[in-house]
Amino acid sequence: MLLLVKAKAQDVKLDSVALNINRYGLETVQSNLFVHFDKTVYTNNDQVWFTGYLLKTITNLDQYHTLYLSLINNNDSSVIIQDKFLIEKGVACGALTLPDSLPGGSYRFVANTNIKKDNQPDGGFVQPIIIKSTTVNPLTASISLFKAYDEQSKNGTALLKVLSSDNRFVENAEIKYQIGKDKQTLLTGSAKSSIIGELMINFPADKITADNNQLNVSIKKGKDIRHIKFNLPVRNRSNYQIQFYPEGGYLVERLTSKVGFEIKNLEGTAIKAAGVLYENDMVIDTLESNSTGLGSFSICPQPSKKYYVKLFGNEQGGISYHLPAALKHGAVLEAGTAIAENEFRLQLEASSNQKVHVLVHNFADVFLYDDLILAAGKTQNIRFELDFVPIGLNSVTILDSNYRPMAERIFFAHYDMLNQTELSTDKNEYGTRDQVNLKLNVSGKSKAPLTALVSVSCTQANRISVGNNQNIVDYFYLQQHLKPLPNRPMGLKYVDQNYVNDVLLIKTWSRYKWPEEEVVDEKSVLSSFEYHGEITRRKKLLTSPIGLTTIAGENLNFLDTDSAGRFNIPFNHLLIKEPKTQVWLGMVADRYDLYSLEINNPQEELTKHILQQNFELPHVRAEVLNNAYQSITSAAGIKLKEVVITKNNQNTDYAKRTYNKCGDYVCRYNILNCPNHIADAGSRSPVIGKTYSDGKGGEIIYPGCLEAERKPNITILKGINLAKEFYVSDINNKNEPISFSTVYWNYQVMIKGETSISFNTGDLTGPFKIIVQGVTDGGVVYGEKEIMVKNK
């Protein structure tokens with residue numbers, strides 16, 4: 001018999017059936033932020049272009065006004081850059097320049113909005129990037145396992161090697177190390193590197209566990225400091241970890257279930273492997289994971305039987321990976337596929353006769369609801385009509401007669417309604433300084449045209465890292481709910497239905513239990529990151545308001561404190577047109593020297609939160625190279641001659657010579673503030689009244705620099721940046737090389753039907769990738785196309 005569930009559940013709420021489902025299933029995301037960066041591989045001095053989209057909000061859209069963007073070094077979690085950008089109608093656009101002194105390595109951008117929910121920042125989008133640096137890094141370091149275990153000393157040994165950027169040994173570097181994680185510190189020590197730049201670090205191998213096995217090393221030579229981490233091996237533990245995920249949540253005796261599994265190594269990298277399934281000591285099946293480390297098998301567990309898996313080729317062949325114990329009574333479900341269009345089907349079976357409640361919901365609202373009588377050992381087929389169910393991830397949950405959860409399955413509804421983006425160019429191969437004619441079209445189901453707001457980039461293909469690259473569709477429908485997502489070598493995840501099926505079987509898995517205590521549904525407290533402060537007189541609160549003024553370039557505003565001297569600075573008082581502009585805050589008082597002003601910096605509060613978050617680099621199925629590969633310049637071989645390591649200040653000296661105090665400069669081709677030659681050795685400071693090129697075929701007379709001096713009555717604040725126009729090179733100027741890796745960036749393109757865009761290539765050759773992503777009223781959109789640029 002087929003049960004058809006199609007009625008909309010108007011009066012059923014999750015709390016009314018005492019199902020605290022948010023504890024167990026998908027993470028309930030009430031707001032989310034996606035940022036499209038022009039690329040994911042940068043060099044120091046590079047320009048970073050981005051567009052941020054608010055995909056869902058927890059409050060009124062107008063209350064979102066500032067995007068906070070931070071650049072973090074993954075090696076030591078140091079904050080390199082922090083900046084703020086205006087959010088208008090849910091979109092933030094901007095650009096920033098990477099410092100010329102950045103060493104190569106692994107970094108991440110962290111984006112947040114100004115909104116706080118229960119004192120926690122909203123947003124939290126993370127984009128890992130790689131920086132390829134031309135800056136000489138005086139110190140490089142690597143750690144390897146020299147000996148896992150010594151029978152006599154009961155110790156293991158890790159080998160630390162310290163080299164200079166040109167592969168010379170670094171002698172007498174000051175080294176401090178710590179073994180442990182979080183607050184669990186097992187061992188600390190300090191030493192100096194040997195004449196060949198090495199240090200043997202012994203560790204108590206028997207005491208190393210999964211909770212304390214991180215070796216953290218700090219290396220200092222002169223003024224230069226490097227940090228490095230390494231996971232020490234845990235004795236008598238497999239080099240692999242296998243997790244089992246019964247479809248629906250539990251295995252039940254005498255009922256057949258599908259079981260998903262995931263195989264990873266200790267570093268979290270997915271492993272393609274094969275193994276054998278045992279019932280007690282008898283082989284009953286074989287299994288194999290795919291390239292993402294995922295797989296599945298079916299099993300009908302019997303009473304008093306134990307089930308476990310052993311891997312082929314495992315050097316620790318005696319290690320067994322046990323399946324979870326089966327329940328004596330319960331229910332199991334099976335869906336042939338978790339990808340649905342306008343209907344979703346599954347089979348339900350219980351071990352005893354009972355009444356159950358069937359719900360379809362998205363962890364916030366119930367869309368479908370029905371009751372069902374199950375007969376013991378008899379399969380019940382159920383079909384859900386999804387007319388009232390939104391596109392994306394939803395769940396079927398089975399409750400017993402007392403409304404306790406028994407089984408659950410996540411599925412993707414209306415997969416066929418994902419928006420499509422068509423990109424076509426007038427040709428596939430172009431010459432240098434050639435014109436590219438691009439046509440865009442966004443459509444929904446049945447090819448109906450949609451209106452979309454998108455950002456468009458064209459960047460060298462080798463500047464898009466497959467492992468780090470994120471697209472808005474994967475993020476909106478999958479990644480924001482399921483963290484972390486297994487890597488897919490081919491890039492786009494949502495287009496691969498086999499991949500989506502595997503992920504929804506495993507990454508959405510939850511084992512339900514009855515809540516031990518009632519959860520109070522408290523209303524969230526919303527607040528905002530803002531500049532706020534207090535003015536006192538002789539360390540006492542004021543008794544009457546005092547006036548304040550803010551000057552942000554041409555943006556002049558006034559405000560008053562309250563009667564006690566407290567104040568908040570509205571965001572629109574902080575808007576600046578140029579990134580170098582400082583915001584001055586001053587008191588409107590004759591005797592300002594009698595007052596004291598204290599003001600918070602909201603970015604300091606945000607930084608504390610960011611650094612408390614546990615960040616793991618995305619795992620890709622590839623060997624991890626030494627960090628030295630990040631350097632563009634390297635020398636081959638080890639050089640034995642001793643050298644003195646000193647900090648390279650070459651780029652800093654250039655900056656001092658070429659910039660004036662406003663940050664203005666003229667490049668060797670007489671272009672004022674040329675973005676292609678930031679801090680270049682051939683640049684110079686501009687002269688007041690002289691005429692320079694604007695880089696676009698026009699000329700500009702330099703008006704001079706009004707240097708800002710800190711006054712006693714002035715507090716310097718950091719402004720909120722407005723969108724910056726993308727620099728378009730003059731292709732007719734043969735004396736000016738066009739060597740940008742990003743040849744086109746447009747942060748707000750409105751697509752209504754077929755839309756045409758034209759831009760020019762530069763002097764760089766090779767494959768370039770055009771990427772389009774953004775939003776519509778009916779969801780998000782993404783598209784990409786590769787073109788080839790060759791010398792004319």
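**Notebook: loops, a buried threonine, cysteines, a surface patch**

I looked up N280 and found this residue in the loop between β19 (274–279) and β20 (282–288); strands here are DSSP runs of E, at least two residues, numbered from the N terminus. The model is predicted, so I kept in mind that local features need pLDDT of at least 70, that side-chain atom pairs count only at pLDDT 80 or more, and that totals for chains, interfaces and linings use all residues. Residues are numbered from 1 along each chain as its sequence is written, and side-chain values use heavy atoms, with hydrogens and water left out.

**Asparagines in loops**

I noted that N280 has a positive phi of about 55° although this residue is not a glycine. N280 counts as partly exposed because its relative accessibility is 30% (buried is under 20% relative accessible area, exposed over 50%, partly exposed in between; 1.4 Å probe, protein chains only). I then went to N119, in the loop between β8 (105–117) and β9 (120–132). N119 is not a glycine, yet has a positive phi of about 70°.

**A376**

I placed A376 in the loop between β27 (366–374) and β28 (380–385). At 42% relative accessibility, A376 is partly exposed. Not counting residues up to four places away in sequence, I listed A350, S351, S352 and N353 as residues that A376 touches; contact means heavy atoms within 4.5 Å.

**T459**

I found T459 in strand β34 (residues 451–460). T459 counts as buried because its relative accessibility is 1%. Leaving out residues up to four places away in sequence, T459 touches D38, K39, S741, T742, F768 and K769.

**Cysteines**

I searched for disulfides (cysteine sulfur atoms within 2.5 Å) and got zero. C93 is buried at 6% relative accessibility, and C667 is buried at 0%.

**Surface patch**

I noted a nonpolar surface patch of about 390 Å², made by I551, L556, F558 and V588. Patch residues have over 30% relative accessible area and no salt bridge, and nonpolar side chains are joined within 5 Å. I551 lies in strand β38 (residues 547–552) and is partly exposed at 34% relative accessibility.

Terms used. Patch = residues over 30% accessible without salt bridge, like charges linked within 9 Å, V, L, I, M, F, W, Y side chains within 5 Å. Areas by Shrake-Rupley, 256 points an atom, 1.4 Å probe, with all protein chains shown as cover. Salt bridge = Lys/Arg side-chain N within 4 Å of Asp/Glu carboxyl O. Helix = DSSP H or I, 4+ residues; strand = E, 2+ residues; numbered from the N terminus.
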